[in-house]
Amino acid sequence: MDKKHKEVASEDLEIKRVAHYHSQQILLLIILIVLFTLTFFCTLIYIGKYYEAKFNVDNNTKIMEYKTKDNSVLITNNGEINKTIEEEDTKYNKEYLIEKVATLKFVTKKDALKDGKININIKYNIFNNDFKHNVISSTNNDVLVRFMYSYDNENWEYVNNVISTTNSTLNPLMGSYYDISGLVENLKVLTNFEINNKKDTTTIVYFKCETLFKNIEDNIGKNIHAEFKVEYVQ
């Protein structure tokens with residue numbers, strides 16, 4: 001083979017080598033892109049499941065925040081009650097209790113111009129109530145409710161005042177219970193309830209309602225749908 005043919009062959013080999021190298025680089029790039037894409041989507045799926053588990057444990061939870069120059073108020077409500085008495089509920093008890101707790105965090109800044117003060121309303125709104133209504137209120141009737149609040153989540157103060165409704169009033173019974181059997185009303189549990197703060201102070205208040213179903217063996221299939229909530233008065 002003469003010198004010219006050798007040079008041509010050498011150039012062809014170099015071109016093939018370079019082409020093969022570029023092909024390997026392109027293949028490696030494609031593999032990296034595929035791996036990155038799979039990793040990205042797996043990460044998104046994992047994050048999605050994490051946030052779903054962390055923040056959507058209870059879709060009924062409602063968080064509201066209100067801020068001014070000197071104060072901030074954070075209210076967490078989780079007070080939907082939607083209960084139908086089932087035969088399973090009657091196996092071990094003659095009563096059934098649903099407890100709901102709302103929290104309020106009230107922060108007044110250190111450099112606030114004055115001490116903090118806010119007002120809130122506590123409501124228990126009943127949208128559906130299949131239970132028998134009795135003209136005479138009694139702790140022996142089918143559905144009772146009572147309300148309380150606490151500054152430490154341990155020592156509770158019961159609401160024991162007359163509660164206004166859309167059309168009438170409810171009087172407290174023994175044990176601070178109110179008879180709501182058969183009522184479809186909006187209960188104004190507390191109106192303009194005042195909470196005070198000193199400067200550079202954080203106050204947390206817990207509000208609880210206990211909905212008690214009695215005589216449940218006689219009320220299988222009956223439903224009550226209500227909502228217990230704290231409202232900030234602006």
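Where is leucine 28 found? Leucine 28 is found in helix α1, which covers residues 3-55.

## Overall make-up

This is a predicted model. Read from the N terminus, the order of the elements is α-β-β-β-β-β-β-β-β-β-β-β-β-β.

Of the 234 residues in the chain, 33% are buried. Among contacts with a separation of 6 or more, 76% are between residues 24 or more positions apart. The accessible surface is about 15400 Å², and carbon and sulfur atoms account for 53% of that surface.

Leucine 28 also belongs to a nonpolar surface patch of about 480 Å².

## The nonpolar core

In soluble globular proteins, nonpolar side chains tend to be buried together. The largest nonpolar core here has 38 residues. The members that touch the most others are Leu104, Tyr124, Phe147, Ile180 and Phe207. At least two residues of this core come from each of the strands β2 (71-77), β4 (96-108), β5 (116-129), β6 (143-150), β11 (186-197), β12 (201-213) and β13 (223-232).

Which residues are in contact with leucine 104, leaving aside its neighbours within four places in sequence? They are Val73, Leu74, Ile75, Ile118, Ile120, Ile195, Thr203, Ile204, Val205, Phe207 and Val230.

## Strand β13 and its partners

Strand β13 is mostly covered, with seven of its ten residues buried. Strand β3 (residues 80-84) is joined to β13 by five bridges, and the two run antiparallel. In this part of the structure, isoleucine 224 of β13 is the bridge partner of lysine 83.

β13 also pairs with β5, again in the antiparallel sense, over nine bridges. Here valine 230 in β13 stands opposite isoleucine 122. Valine 230 is also one of the residues in contact with leucine 104.

## Two asparagines with positive phi

Most residues other than glycine have a negative phi. Asparagine 153 has a positive phi of about 65 degrees. Asparagine 153 lies in the loop between β6 and β7 (157-158). It counts as partly exposed because its relative accessibility is 39%.

Asparagine 192 also has a positive phi, near 55 degrees. Its place is in strand β11. With a relative accessibility of 45%, asparagine 192 counts as partly exposed.

## Salt bridges

Side chains of opposite charge can pair when their charged atoms come close. How many salt bridges does the structure hold? It holds ten. One of them joins lysine 67 and glutamate 65, whose closest N and O atoms are 3.9 Å apart. Lysine 67 is exposed, at 64% relative accessibility, while glutamate 65 is partly exposed, at 49%.

Another salt bridge is formed by glutamate 95 and lysine 214, with the closest N and O atoms 4.0 Å apart. This pair links distant parts of the chain, as the two residues are 119 residues apart. Glutamate 95 is in the loop between β3 and β4, and lysine 214 is in the loop between β12 and β13. Is lysine 214 buried or exposed? At 16% relative accessibility, lysine 214 counts as buried, whereas glutamate 95 is partly exposed at 39%.

A further salt bridge joins glutamate 231 to lysine 229, where the closest N and O atoms are 3.2 Å apart. Glutamate 231 is partly exposed, with a relative accessible area of 22%. Through salt bridges that share partners, Lys123, Lys229 and Glu231 form one network.

Conventions
Residues numbered from 1 in each chain as written. Predicted model: local features only at pLDDT ≥ 70, side-chain atom pairs only at ≥ 80, totals over all residues. Heavy atoms only, no water. Core = buried A, V, L, I, M, F, W, Y, C linked by side-chain atoms within 4.5 Å. Buried < 20%, exposed > 50% of the residue type's maximum accessible area, 1.4 Å probe, protein only. Helix = DSSP H or I, 4+ residues; strand = E, 2+ residues; numbered from the N terminus. Contact = heavy atoms within 4.5 Å. Pairing = 2+ DSSP bridges. Patch = residues over 30% accessible without salt bridge, like charges linked within 9 Å, V, L, I, M, F, W, Y side chains within 5 Å. Areas by Shrake-Rupley, 256 points an atom, 1.4 Å probe, with all protein chains shown as cover. Salt bridge = Lys/Arg side-chain N within 4 Å of Asp/Glu carboxyl O.
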